[in-house]
Each structure stands twice: as structure tokens, then as C-alpha cells.
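Please look over the sequence and the model shown here. The report that follows takes them topic by topic.

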Amino acid sequence: RTYREGRRGLRQARASRSTPDLHEWRKAVKALWHLVRLGGERLPGKIRRMEGDLDRLGDVLGFDHDHAVLAERLALAPDADHSLMRQLSMIARERKALEKEAFQLGTALYKRKPKAFADKARLK
């Protein structure tokens, strides 16, 4: 179920590119990461090897969210000066790079259909 939620989150985030959808996807990624860590040696090797990529994906999505929050706060600041547009542009470029990496990682991690993943993840 957690894998399915992450896969659904990837699709939704890719379609909308909205901060709330990216954040929801991050929560699903982190939940799967925790489950893989808890499964440990009882999980097949292919599933255990996902742990590092899931951790990286969660971090990348977290950095993206941090940048989104920063951009929002800067844009709403009452004392914004002329450099605001430059700062927002830099943040937007960084978010674009982070989201590109996230979608590449996510596509690789969530390429299996949920049933195939569940079959592969059977505990030993």
C-alpha cells in the first residue's frame, strides 16, 4: 500500500508540479524508506538496495519544499527590495534542478506496478 501511495504521489506531483503534491509525495517516499529500513535483512536484496535511493529522493523533495517555502516568504515579505526577482529566479532554477532529479529517481524507484513490487518484497 505504501509503495502504491508513493507511485500515485509521483504521478500526481509530475502532473501538477504543485508544492502540496510534491510534499505529499515526499511523505509517501519517507514512509516507504522507513518500511524498507525496518524490513532490513528479511527483505530481498533488490528491495534493500532501494533504501539509499529512497533516502536521497526524500532529501531532494525536502530541499525542494524548503526552497518553495523560502520563495513564498520572500515574495510575501513587506520589505522586499529590488533584488527579490533575482533571488526568486535563483530559487526557481534550483527547484527545477531538484525536481528533475526527484522525477528521475522516482521513475526508477517506482517503475514496478504495486503488485509486482509486493511480490518482489516478500519477507524471507
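## An exposed leucine

Leu38 is exposed, at 63% relative accessible area. Leu38 sits in helix α2. Arg17 is 21 residues away from Leu38 along the chain, and their C-alpha atoms are 31 Å apart.

## About the model

This is a predicted model, in which local features need pLDDT of at least 70, side-chain atom pairs count only at pLDDT 80 or more, and totals for chains, interfaces and linings use all residues. Residues are numbered from 1 along each chain as its sequence is written, and side-chain values use heavy atoms, with hydrogens and water left out.

## The whole chain

The protein chain has six helices and zero strands. Read from the N terminus, its elements run α-α-α-α-α-α. Helices (H or I, at least four residues) and strands (E, at least two) are DSSP runs, numbered from the N terminus.

The C-alpha trace spans about 60 × 25 × 20 Å along its principal axes. The chain has 124 residues, and 37% of them are buried. Now take contacts between residues at least 6 apart in sequence: 74% of these join residues at least 24 apart. Contact here means heavy atoms within 4.5 Å.

## The largest nonpolar core

Which residues touch the most other members of the largest nonpolar core? They are Trp25, Leu32, Leu54, Leu57 and Tyr110, out of 24 residues in this core. Four helices each supply at least two core residues: α1 (2-16), α2 (19-39), α4 (50-76) and α5 (84-109). The largest share, six residues, comes from α2. A nonpolar core is a set of buried Ala, Val, Leu, Ile, Met, Phe, Trp, Tyr and Cys residues joined through side-chain atoms within 4.5 Å.

Take Leu54 as an example. Not counting residues up to four places away in sequence, Leu54 touches Val29, Leu32, Trp33, Val36, Leu109 and Tyr110.

## A buried threonine

Is Thr2 buried or exposed? Thr2 counts as buried because its relative accessibility is 18%. Thr2 belongs to helix α1. Setting aside neighbours within four places in sequence, Thr2 contacts Ala28, Ala31, Leu32 and Leu35.

## α4 against α5

α4 and α5 pack at an angle of about 155 degrees, and their axes are 9 Å apart. That makes α4 roughly antiparallel to α5. Axes are lines fitted to C-alpha atoms, for helices over the stretch in contact, and angles run from 0 to 180 degrees between N-to-C directions. Angles under 35 degrees count as roughly parallel, over 145 as roughly antiparallel, 65 to 115 as roughly perpendicular, and the rest as oblique.

The contact of α4 with α5 has 18 nonpolar, three polar and seven charged residues. Ala, Val, Leu, Ile, Met, Phe, Trp, Tyr, Cys and Pro count as nonpolar, Asp, Glu, Lys and Arg as charged, and the others, Gly among them, as polar.

## α2 against α5

α2 and α5 pack at an angle of about 40 degrees, with axes 13 Å apart. The two helices α2 and α5 are therefore oblique to each other. From α2, Thr19, Leu22 and Trp25 meet Arg95, Glu99, Ala102, Phe103 and Gly106 of α5. By class, the residues of this contact divide into four nonpolar, two polar and two charged.

Note on methods: Buried means under 20% relative accessible area, exposed over 50%, partly exposed in between (1.4 Å probe, protein chains only).
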